[in-house]
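Please keep the sequence and the structure in view while reading.

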Amino acid sequence: MQKIINVLSGNKEDIAPIWMMRQAGRHLPEYLEVRNTTNSFIDFCFSPEKAAKVTLQPIHRYDMDAAILFADILLVPIALGRTVTFEKGIGPLLNPLSTKDISNFQINTDVLKPVYETVCKVRKELDRNKSLIGFCGGPWTVATYMLEGKGTPNKELAKKFAYENEEAINDLLDYLVAISAEYLIKQAEAGVDVLQIFESWASDLSPYLFNKLVIVPTKKIIKRIRDAGVNIPIIGFPKNCGLSINEYVKSSGITAIAVSTETPLDQIRGLIPKNMAIQGNLDPLALRIGGNTLKKQVQEILDKVKGPHIFNLGHGVTPDVKIENIKAVINHIRKGEGNYV
Ligand code: 1CP
């Protein structure tokens, strides 16, 4: 059995399985080599051959326990007929949404088909004992980009929109629920073993908004997935959501919880069901800094986490991380020591 599946089923592995968010990406020279063959990041995500290749790179380089499908959470707005581009040094740019646009989406979910082809290709090549993780963004996180038109520090415009346009935000989230559920179901049918919902902008929401914008839509996605007969585990990642994690775990229907860096691992266990797997939560900044700082932080996670655990970061690998340090973390976990630099 895949180690990750065993842990997600509620069992503790003596040596925690490991993968890292954004493990495929700019810190890897072999990624940059493939990336540089396509100008547009979106075209790159929609090229099954290339996307499959970079999905597998961290398995070859690090022997991670899971590969994460190479794609992006912002492919879903394209299926709603929105324009998404990625500018070098800026990040994602979308045509900002007005209330009028929400009743006039030009839906075309066929644009997502290349992603399912990537899944098929990867699953064929990936060892059966390694897991393939599919994903989507949480509807609220995707909505923030659609409403703001870009990544912003505090999502103020999107939150204001949510308060002031009750019907429009519900409609927008329902569209995103429908497309995201279909997207995850088709990834599962194409062969992914696990799903993860990235709610990267779950922070700074009042409990009222958290329930309305995060919990309710997540619950609807998971219900659709289960109603479609898809029973694979689903990891929820409501980043930096504070104590609202309690209600999220209780009501959303997730199988396991991915926790961000600020979460004390010894305390979170007491807030969730006894055998629920915890994924996380090494500080990506410690991974960048390396040396003794990194070694201590890795050891602290191993000492503090109780019960079923998947080792991961509290957020994504950054481009300036040293390959030796990722290898050191893996050796530390698997063999008790690593050569940190
Ligand atoms: O040209 C490049 O290489 C751009 C960098 C990059 C990469 C490697 C982007 C742009 N997306 C990705 C791939 C990606 N994105 C994956 C698959 C690979 C993996 O994890 O190894 C996944 C799961 C994502 C998910 C994603 N995209 C999230 C959720 C996780 C998170 O980081 O919080 C978000 C918010 C995005 C949006 C996004 N994609 C890329 C950028 C620069 C951004 C904006 C981030 C921001 O607003 O700060």
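In this predicted model, I257 stands opposite I278 in β8. The strands concerned are β7, residues 256-258, and β8, residues 278-282, which pair in the parallel sense over two bridges.

These two strands belong to an open sheet of seven strands, whose order is β1-β4-β5-β6-β7-β8-β9 and whose pairing is parallel. At the edges stand β1 (66-68) and β9 (309-313), each of which has a single partner strand, so that one side of each is left without a neighbour in the sheet. From one strand to the next, the twist averages 25 degrees. Helix α11, residues 207-227, packs on the sheet, where it touches both β5 (194-199) and β6 (234-238), and the direction of α11 makes about 165 degrees with that of β5.

Not counting residues up to four places away in sequence, Q279 touches W19, Q196, I235, I257, A258, V259, I310 and N312. Two of the residues in that list, W19 and Q196, also make polar contacts with Q279 through their side chains, as set out below.

| Side chain | Partner side chain | Polar contact |
|---|---|---|
| Q279 | W19 | 3.0 Å |
| Q279 | Q196 | 3.0 Å |

Note on methods
Residues are numbered from 1 along each chain as its sequence is written. This is a predicted model: local features need pLDDT of at least 70, side-chain atom pairs count only at pLDDT 80 or more; totals for chains, interfaces and linings use all residues. Side-chain values use heavy atoms; hydrogens and water are left out. Two strands pair if DSSP finds at least two bridges between them. Helices (H or I, at least four residues) and strands (E, at least two) are DSSP runs, numbered from the N terminus. Axes are lines fitted to C-alpha atoms, for helices over the stretch in contact, and angles run from 0 to 180 degrees between N-to-C directions. Contact means heavy atoms within 4.5 Å. A polar contact is a pair of N or O atoms within 3.5 Å; within protein, one must be able to donate a hydrogen and the other to accept it, and residues adjacent in sequence count only if both atoms are side-chain atoms.
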